[in-house]
Amino acid sequence: MILQIIIGTILVCFTVVGTTAFIASANALLAKALHSERPDHPSRWFIFALSLAVLWMLTALTLAVWIWAGVFMFLDQFQTFEAATYFSVLCFTTLGVVEGVVDQQWRLLAGILAANGFILFSVVTAFLIDFYSKCYSVFDATKQSSSIQT
């Protein structure tokens, strides 16, 4: 049990730091974009920026799932990486079916994986809401300034 907690804690820390790095890089790009000239086509800019942020965060979450799947493969709990990834996605997005899938000695790790998914989805959701708000303020300001000029 202690080994599961240690491995789980290391993985949670690693995936949280990794996801935070993705968020920091997205924020840096947004800050740079906000200090540049106003976009010529604000609606296109808004759609592009928000879509890029969503895809970037999906990449962060996907990498976190792959890391967990790799650990389950290393622990010899699955025959294929696809099966380990499927299990990790199930646990990451919901509690999933844990009984009988992994050995009893590693099932606590599946619960830690579920908690990690809950935490990361919450952080990513909060980031995307903030990102949307910042992008929309640029979109709205650009839209208002162009309507004043005409």
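Me: What should I know about the model before I start?
Reply: It is predicted, so to speak, with local features needing pLDDT of at least 70 and side-chain atom pairs counting only at pLDDT 80 or more, while totals for chains, interfaces and linings use all residues. Residues are numbered from 1 along each chain as its sequence is written, and side-chain values use heavy atoms, with hydrogens and water left out.

Me: How many helices and strands does the protein chain have?
Reply: The protein chain has 4 helices and 0 strands, where helices (H or I, at least four residues) and strands (E, at least two) are DSSP runs numbered from the N terminus.

Me: And how much of the chain is buried?
Reply: Of the 150 residues in the protein chain, 35% are buried, meaning under 20% relative accessible area, whereas exposed means over 50% and partly exposed is in between (1.4 Å probe, protein chains only).

Me: New topic: how many aromatic pairs are there?
Reply: The whole structure holds 7 aromatic pairs. One of them joins F72 and F78 edge-to-face, at 6.2 Å centre to centre and 85° between the planes. Rings of Phe, Tyr and Trp (its six-membered ring) pair if their centres lie within 6.5 Å, and planes under 30 degrees apart count as stacked, over 60 as edge-to-face and the rest as tilted.

Me: Where does I10 lie, and is I10 buried or exposed?
Reply: I10 lies in helix α1 and is exposed, with a relative accessible area of 54%.
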